[in-house]
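Subject: Structure handover, with notes

Hello,

Here is the structure I promised to pass on to you. Please open it alongside the sequence, and then read on for the notes I made while going through it.

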Amino acid sequence: MLHKELKPFPQNFLWGAASAAYQVEGAWDVDGKGPSNWDQFVRIPGKTFKGTTGDVAVDHYHRYKEDVQLMADMGMKTYRFSVAWSRIYPTGKGELNEKGLEFYDNLINELLKHKIEPILTIYHWDLPQALQDEYGGWESRKIVEDFTNYAVTLYKRYGDRVKYWVSLNEQNIFTMLGYRTAMHPPGVKDNKLFYQVNHHANLANASVIKEFRKYVPDGKIGPSFAYSPAYAATSKPEDILAAENAEELNNHWWMDIYAWGTYPKATWNYLESQGLAPQVEEGDLELLKEGTPDFMGVNYYQTTTFEKNPLDGVSEGTFNTTGKKGTSQDTGIPGVFKTVKNENLERTNWDWNIDPTGLRIGLRRITNRYGLPILISENGLGEYDKVEENGEINDDYRIDYINSHLVAVQEAITDGVDMIGYCVWSFTDLLSWLNGFQKRYGFVYVNQHEEGDHDLRRIKKKSFHWYKEVIDTNGQNLTK
């Protein structure tokens with residue numbers, strides 16, 4: 001649809017940015033915090049870029065007031081952050097750590113003082129290592145009870161002030177990279193276990209949403225899903241079918257459970273035929289239906305294009321974690337689908353497709369299938385940023401990226417999509433998991449690198465001032 005005129009962004013639209021505890025906080029063993037799975041995983045040689053860790057990250061734990069003041073300078077309406085589970089329960093359960101609870105009290109209060117709406121993510125990948133050691137973490141159904149108790153602790157402590165909550169961040173990514181590719185903790189390659197782990201995460205997600213209704217009845221909660229809409233490589237029916245397979249296996253498998261509490265039938269039948277379907281126990285399906293969300297959180301970075309993959313075709317490829325453009329390899333599931341480069345799209349240095357129209361397509365697909373409001377909980381550009389001799393960081397490429405994606409959001413609003421807000425990933429530069437500090441996402445440059453000592457000073461990039469104007473004008477200044 002080509003619109004002669006676009007509807008304005010809603011007056012209460014939440015313009016914001018996002019982060020994750022492990023990637024920004026640092027203070028990994030300070031004030032009673034217990035070790036997480038990431039604290040251990042990054043110490044395995046060769047797992048991260050130049051051995052970088054989140055021990056210090058960008059020291060948000062000690063500099064949160066400075067960072068929130070920068071958010072206030074920008075005029076941000078919302079800030080999405082995650083709580084480190086092992087900062088609250090050092091061993092995942094049992095004894096509470098009051099110092100950890102106080103940190104998030106202070107952060108929330110500081111945000112509210114500056115009229116910034118907090119969005120609290122309960123889980124953003126950092127599992128207490130003690131639970132991994134005790135029963136395999138997400139590999140056991142025991143995680144449901146422990147995760148629920150942890151979430152209820154947060155509801156009781158912060159529910160009077162925090163009204164927007166994200167239950168699980170990118171469940172599809174932390175289960176896939178943890179149990180299919182071994183790129184993330186616990187570093188396992190077991191396809192059957194992957195689907196079982198994912199089922200446990202679904203149960204945990206539904207459980208904490210169900211409990212949320214009791215403790216924060218005036219709040220809103222939903223998961224954040226890493227959505228990559230599927231395209232067919234050609235108009236050949238076999239390629240279109242491959243793209244349908246990918247949409248079902250890679251997207252509906254999660255979002256159908258979130259919204260309806262049911263697994264998509266074709267995917268279930270396929271997994272059952274392969275001996276991969278998870279074990280479902282009595283009461284599971286009832287719980288999944290009782291824990292449906294108020295909104296769908298969407299982390300959008302790119303679309304993926306697919307073609308037919310024969311039974312003896314491509315399986316495991318490689319991800320680009322180096323920033324050397326063109327080093328990623330196509331992946332697939334024999335007999336189901338295979339990824340292929342989309343020649344119609346530009347790519348980043350990490351081989352991520354740049355496709356703002358794909359965001360609009362994805363938002364419409366979610367709206368038409370699930371009828372839920374949508375919060376874009378992440379969208380942004382990771383690139384190399386350079387500090388000029390005059391101290392400026394001219395990241396026009398980031399401005400162009402965010403501008404084009406915001407136009408796509410406005411087009412989706414005009415199409416009829418119910419949008420809550422838009423959180424750029426990220427506010428400050430941060431530790432990019434496997435990519436270290438070389439891959440920068442923030443509006444605020446942080447003087448932190450892989451080698452040597454650095455002062456962690458904050459510098460506003462050109463995009464900082466641009467986004468401030470976007471917020472000030474409620475998106476009226478976007479370049480169409």
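In which loop is the place of K115? K115 sits in the loop between helix 5 (98-113) and strand 3 (117-123). Here helices (H or I, at least four residues) and strands (E, at least two) are DSSP runs, numbered from the N terminus.

Before going further, a word on the source. This is a predicted model, in which local features need pLDDT of at least 70 and side-chain atom pairs count only at pLDDT 80 or more, while totals for chains, interfaces and linings use all residues. Residues are numbered from 1 along each chain as its sequence is written, and side-chain values use heavy atoms, with hydrogens and water left out.

**Backbone**

Most residues other than glycine have a negative phi, and most peptide bonds are trans. With that in mind, here are some places to look at. K115 has a positive phi, near 60°, and is not a glycine. K115 is also exposed, at a relative accessible area of 73%; exposed means over 50%, buried under 20%, and partly exposed in between (1.4 Å probe, protein chains only). D351, again a residue other than glycine, has a positive phi near 65°. D351 belongs to the loop between strand 11 (346-347) and strand 12 (353-354), and counts as buried, with 6% relative accessibility.

As for cis peptide bonds, one joins P185 and P186, with omega about 5°. P186 is in the loop between helix 8 (171-179) and helix 9 (191-215). Another runs from W425 to S426, where omega is near 10°. S426 lies in the loop between strand 14 (419-425) and strand 15 (444-446).

**The annotated residue**

Which residue does the UniProt annotation "active site" cover? The answer from that record, an unreviewed entry, is E378. UniProt positions are given in the numbering used here, feature names are shortened, and annotations may be inferred rather than shown by experiment. E378 is part of strand 13 (residues 374-378) and is buried, with a relative accessible area of 4%. Leaving aside neighbours within four places in sequence, E378 has contacts (heavy atoms within 4.5 Å) with R80, H124, N169, E170, V298, N299, Y300, Y301, C423 and W425.

R87 belongs to helix 4 (residues 85-88) and is buried at 1% relative accessible area. Its side chain makes a polar contact with the side chain of E25, at 2.9 Å. A polar contact is a pair of N or O atoms within 3.5 Å; within protein, one must be able to donate a hydrogen and the other to accept it, and residues adjacent in sequence count only if both atoms are side-chain atoms. The R87 side chain also reaches the backbone oxygen of A27, at 3.3 Å.

D39, in helix 2, is buried too, at 2% relative accessibility. A polar atom of the D39 side chain lies 2.8 Å from the backbone nitrogen of S36. Not counting residues up to four places away in sequence, D39 touches Y22, W28, K33 and G34.

A412 is in helix 14 (residues 396-415), with a relative accessible area of 0%. A412 and L363 are 49 residues apart in sequence, yet their C-alpha atoms are 6.7 Å apart in space. Beyond four places in sequence, A412 touches R360, L363 and V417.

On a 1 Å grid over the protein atoms alone, a cavity is a set of points where a 1.4 Å probe fits but cannot get out, and a pocket is an open set with protein on both sides within 12 Å along at least five of seven lines; lining residues have an atom within 4 Å of a point. Grid points are joined across faces, edges and corners, and a volume is the space filled by probe spheres set on the points.

There are four cavities of 30 Å³ or more. The largest cavity has a volume of about 100 Å³, and its lining includes N37, W38, H184, P185 and P186. So the cis pair P185 and P186 is part of that lining, by the rule for lining residues. Nine residues of this lining are nonpolar, three are polar and none is charged; Ala, Val, Leu, Ile, Met, Phe, Trp, Tyr, Cys and Pro count as nonpolar, Asp, Glu, Lys and Arg as charged, and the others, Gly among them, as polar.

The second largest pocket has a volume of about 180 Å³. It is lined by 16 residues, of which V56, F437, Q448, H449 and E450 lie nearest its centre. This lining divides into four nonpolar, seven polar and five charged residues.

Happy viewing, and best wishes
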